Structures are given as structure tokens and as C-alpha cells.
Amino acid sequence: MNLTQGIEKLFQKFLPSPFTLAVLLTLLTMALALIFMDTPADGSRVEAVLRYWEQGIWNEGLLVFAYQMMLILVLGHILVLSKPVERLIMDITRWTSTTSNAALLVAASTMLVAFFNWGLGLIFGALLARKVGEHAQARGISLNYPLIGACGYTGLMVWHGGISGSAPLKVAEEGHLKELMGSVSQSTVNALPMLIGTQDTVFSSSNLLLFATVLIAVAVLAYVLGRRTESRPVQLEIFKFKKESTNEAKGAERLDRSPLLTIAFGLLILAAFLVQYLPALRELNITPNVLNFFMLGLALILHGSFKKFLEAVEEAIGDVAGIVIQFPLYFGIMGIMSQSGMISQISDFFVSISTATTLPIFTFFSAGLVNVFVPSGGGQWAVQGPLVIESALQLGVPLPKAIMALAYGDQVTNMLQPFWALPLLAITKLKASDILPYTLLFMVTASVIYIIGLLLW
């Protein structure tokens, strides 16, 4: 049994569903809080922990955050189901003639798209890999199809450092940091800025250079692997992007299918977008609301009718099932950790074993580990974000650097964690063990680049 089969069996044997993991982490956090927290002035420890948990679950600011993350994923999926994106995928597919050039094109284009929106990049990469396989089959080209599938997953390795990254977008919202840390300590809150704009995180020269380096290195590695690995004939059925309705529109349904009304409304949204957010855009400051409002208007325009848009919504809405039910549990964990004093205790431990130079590296590795158990960047930010902020403040590490260290660690182990690969595996008809040998190589390559980058930042 090789390494990748062993990893797949390890996940199957010891890692239950993400929801079950969230429940187990909740119970573990409760147990640790009961052991290490101080006895409250009123009531018992058990009552206090249950109260902290309930307050965290229904934290209004974090519930808004969950809805924002759901929209980022759904709107990204809706965009990829539009005709213009379908044409883009088919245009890229026509350039593929060998495994090596197909691997390079799929990896590079998937990472570029995922930098804009991770939901878009996830489905775009899966569909592109599938269409490359069908293209090779139709022309009798031998292909290393598992490698192509792995290349279609590389977007999940750069997303958190991109425009839809949960942590950098949330800290760009005014007051989010202070709200997140409000129950940790007042001295911490007083030391925090009102916001950390994406010009200091996503659009910083350091992050853009790291992204470009990872993109080039992984694309070149994919090309080399394509030349050195075995290719075989591909056997796939034709994948249909979306069923087109052929029924004639009658009565009020004409409004549902009206391109004029749909595009006009989409343009109205984009006009409001410019009125509201142009000052922030000039400063390169992107928040979840900025991104979602733009994608909503763009999706309506690209689909060209409310009917097609709503059909895409129905197809994409299943993506958010995990977020809807898991995020409140993550928020409850954060509520327990912050109000019980556990965040300060854990951050004190990291501070005791770290320096300003090594803390970002510890953050990178710990974020990668946490991502295995909390396979959601948004959920991970809610749980781990306060620890990172508290530790960075104590050691004088620049907050943008600490936040991006968490983002890099979270995203890179997606190449190991199969949870977000499920849509890709369903579309490409591959297994996790098929793509893991290649995604692990991509993960190691990117990790080396991110670690060197954090040391030089």
C-alpha cells in the first residue's frame, strides 16, 4: 500500500464528517474550559460554559459573517454555470494537446480564477479538468487524467490569500477585529485598529509576489509531471453544463426570461456598487459585501435571464449545506474559548515558545493542522483568529503578516484534506487516491515558498 492510499484510508478510518468533527471539537472545548477556566463569580462552571456556548452560537456579527461566506461560495458557483464562463472553459480546452501543456493550462488558469473567488475556482477547475479529459478522448489523445484532476484542485491552495479569502476580507470590515476580540480582553481591543485593509494583506506586494511564485512553480511542476508520468486513453461520458429549457415562455414567464429586464437590473446593481464602494476600491480595500454585491450584478448579466440565474442558484445552493449548520458550532467554540480565558492561556503558551520571527511560522503550521479538523477558512478564522491576533500583539508581529500566515497554512493543506475536493471528484469521476500523489507534491512545493516568504516578509 503506497503513501497516498494510506492517507486516504487514514482519513476514512479516523476522520468522520465535518459536522461530527465540529460536535466533537465542541465537546472537547467544553471539557477543557471546565478544567482550566476560573470559577465564575455567579453560578457553576458548567452553567458558565453552556452560557458562553449559547452566546457564541447566536453571535449576530458572526452569523452575518456566515451568510457572507455562503454567498461567496454560491455566487462563485453561479458564475461558473453561465454561458460566457462555459465558453472560456471550452476555449482553454482547445489549446490542450498533451498531458504536460494541459496540466500547465489547467493549474495556472484554475489558480488565477480561484484568486478572484474560491467557489468559482473550485467548480471552474473541476469542469475544466473534465472537459480536458473529454477533449483528449474525442481526439484520441492519451492523457494522465488524474494529474489533470489534481491541477483542477490547485485553486484551493491559493484562495485564502486571494480576493475571497475569509480572514483578510473580514478584517477589512470596520469594527470586525474589535468585535471579534471584545470578549478576550479590553486591553487587546484598545490596541487594535478599526480595520486592516486588503491593500495591506491581499494586495500587498509581499502577498502578490508569493501568489505569483506559487502559481509559476506549481504550473511548471505540473508541466514536468505531465512529461514524466504515464498517459493513458480517457473514457468519459459528455458532461452537460446545464440543461436548457426549450418550452416557449407564456404570460408572466416572459419577464422571467427577459434579457432586457435581467441585464438592466444587473447594471442597476453594478451602478449602486460603484456609488457605494468606489472610494474603497480606489484604496484597494475589499470586504465580503463588496465582493458579493459585484458578483450578484455580474452573475445576473452573464446569465441573461432571471430563469437561468435561478436555475443556477438551485444547482449551486447545495454547496453551502455544511456552512449553514457547521458555522454556528464553530462560533460556539469561539464563544467558549474567548469568554473562559482559554484564548489568552493558549496565546501565552505560543508567545512563550515563539519570537517575532518564528510566530508566523508556528501560525502557518498550526493553521494547516487545524484545517484538517475545521475544513473551512471562515470557521477556522472564527476559532483560531483570536489566538493569532492576541499572540501577534504580544510579540509585536505585524497583524497583516500574522493574518496571512494563518491564511497560507489554512489553504495549503486543502491539498491533503479531501473535504473540498468532493465536488471536483464528483464532476471528474476520479477518486481521492487518484489525485493525492500530485496534490501532495503541490502542497510541499507551495509550503516551501510560503515559509520562505514569511521569513522574508
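## Basis of the model

Because the model is predicted, local features need pLDDT of at least 70 and side-chain atom pairs count only at pLDDT 80 or more, while totals for chains, interfaces and linings use all residues. Residues are numbered from 1 along each chain as its sequence is written, and side-chain values use heavy atoms, with hydrogens and water left out.

## Helix 23

Helix 23 covers residues 432–456, helices being DSSP runs of H or I with at least four residues, numbered from the N terminus. Its 25 residues should span 36 Å at 1.5 Å a residue, which agrees with the 34 Å between its end C-alpha atoms; the expected span is 1.5 Å times one less than the number of residues. Helix 23 also has a kink of about 30°, centred on Tyr438, where the bend is the angle between axes fitted to the seven residues ending at a residue and the seven starting there.

## Pocket and cavities

Helix 19 (359–373) is among the elements that supply at least two lining residues, and its seven residues form the largest share.

Four cavities of 30 Å³ or more are found in the whole structure, a cavity being a set of grid points where a 1.4 Å probe fits but cannot get out. The largest cavity has a volume of about 100 Å³, and its lining of 15 residues includes Trp118, Trp159, Ser376, Gly377 and Trp420, which lie nearest its centre. Helix 17 and helix 20 (377–395) are the elements that give two or more residues to this lining.

## Salt bridges

The structure holds seven salt bridges, each a side-chain nitrogen of Lys or Arg within 4 Å of a carboxyl oxygen of Asp or Glu. One of them joins Glu86 and Lys83, at 3.5 Å from N to O. These residues are three apart in helix 5 (residues 83–94), and therefore about one helical turn separates Glu86 from Lys83.

Terms used: 1 Å grid on protein atoms, 1.4 Å probe; cavity = no way out; pocket = protein on both sides within 12 Å on 5 of 7 lines; lining within 4 Å. Points joined across faces, edges and corners; volume = space filled by probe spheres on them.
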